Amino acid sequence: NTDDLTVWCESSLPPDFFRNSMIAIKQYKQIAQWAYSKSEHYFQTAIEKFMKAENADPFLVAYALYLRPNAKIVTLEKSEPNRKNSVKIPELCDHFGVKYLSTMELFRELHLSF
């Protein structure tokens with residue numbers, strides 16, 4: 001779609017700003033295997049929603065896993081290991097050893113204040 005964000009990205013960002021997520025396809029496969037192996041914990045609908053192609057979460061964690069240990073994911077999601085109706089980024093990160101932090105933790109880490 002061509003919207004204001006697309007126009008801004010194309011005119012403001014360097015050509016190499018966006019990375020090809022296909023370099024982390026091996027890690028994405030590991031994440032998919034993990035998600036489907038959790039069918040005794042998560043509802044099937046939660047796994048299917050998580051693994052939909054338009055859901056960026058598995059690709060995001062796969063890319064961070066590919067870049068590990070130099071990558072951290074910033075997320076508003078909180079760990080909810082007992083939740084069955086949604087696969088959350090923190091559970092995935094904990095399983096695969098990917099670092100994650102909240103927006104406020106990122107601000108503190110970068111020594112930003114407002």
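A helix here is a DSSP run of H or I with at least four residues, numbered from the N terminus.

**View 1. The whole predicted model.** This structure is a predicted model. The protein has six helices and two strands. Along the sequence they follow the pattern α-α-α-α-β-α-β-α. The C-alpha trace spans about 45 × 35 × 25 Å along its principal axes. The protein has 114 residues, and 32% of them count as buried.

**View 2. The largest pocket and its lining.** The largest pocket holds about 190 Å³ of space. Two elements, α4 (57–67) and β1 (72–74), each give two or more residues to its lining. The largest share, five residues, comes from α4. Residues of the lining include Phe 59, Leu 60, Tyr 63, Ala 64 and Leu 67. Lys 72 and Ile 73 also line the pocket, as do Arg 19, Ser 21 and Ala 71. By class, the lining has seven nonpolar, one polar and two charged residues.

**View 3. The largest nonpolar core.** This core has 23 residues. Val 61 and Val 98 touch the most other members. Helices α2 (25–37), α3 (44–51), α4 and α5 (89–96) each supply at least two residues of the core. The most come from α2, with five residues.

**View 4. Val 98 and its contacts.** Which residues does Val 98 touch, not counting those up to four places away in sequence? They are Val 61, Ala 64, Leu 65, Ile 73 and Cys 93.

**View 5. Contacts and surface of the protein.** Take contacts between residues at least 6 apart in sequence: 63% join residues at least 24 apart. The accessible surface comes to about 8300 Å². Carbon and sulfur atoms account for 55% of that surface.

Technical notes: Residues numbered from 1 in each chain as written. Predicted model: local features only at pLDDT ≥ 70, side-chain atom pairs only at ≥ 80, totals over all residues. Heavy atoms only, no water. 1 Å grid on protein atoms, 1.4 Å probe; cavity = no way out; pocket = protein on both sides within 12 Å on 5 of 7 lines; lining within 4 Å. Points joined across faces, edges and corners; volume = space filled by probe spheres on them. Nonpolar A, V, L, I, M, F, W, Y, C, P; charged D, E, K, R; others polar. Core = buried A, V, L, I, M, F, W, Y, C linked by side-chain atoms within 4.5 Å. Buried < 20%, exposed > 50% of the residue type's maximum accessible area, 1.4 Å probe, protein only. Contact = heavy atoms within 4.5 Å. Areas by Shrake-Rupley, 256 points an atom, 1.4 Å probe, with all protein chains shown as cover.
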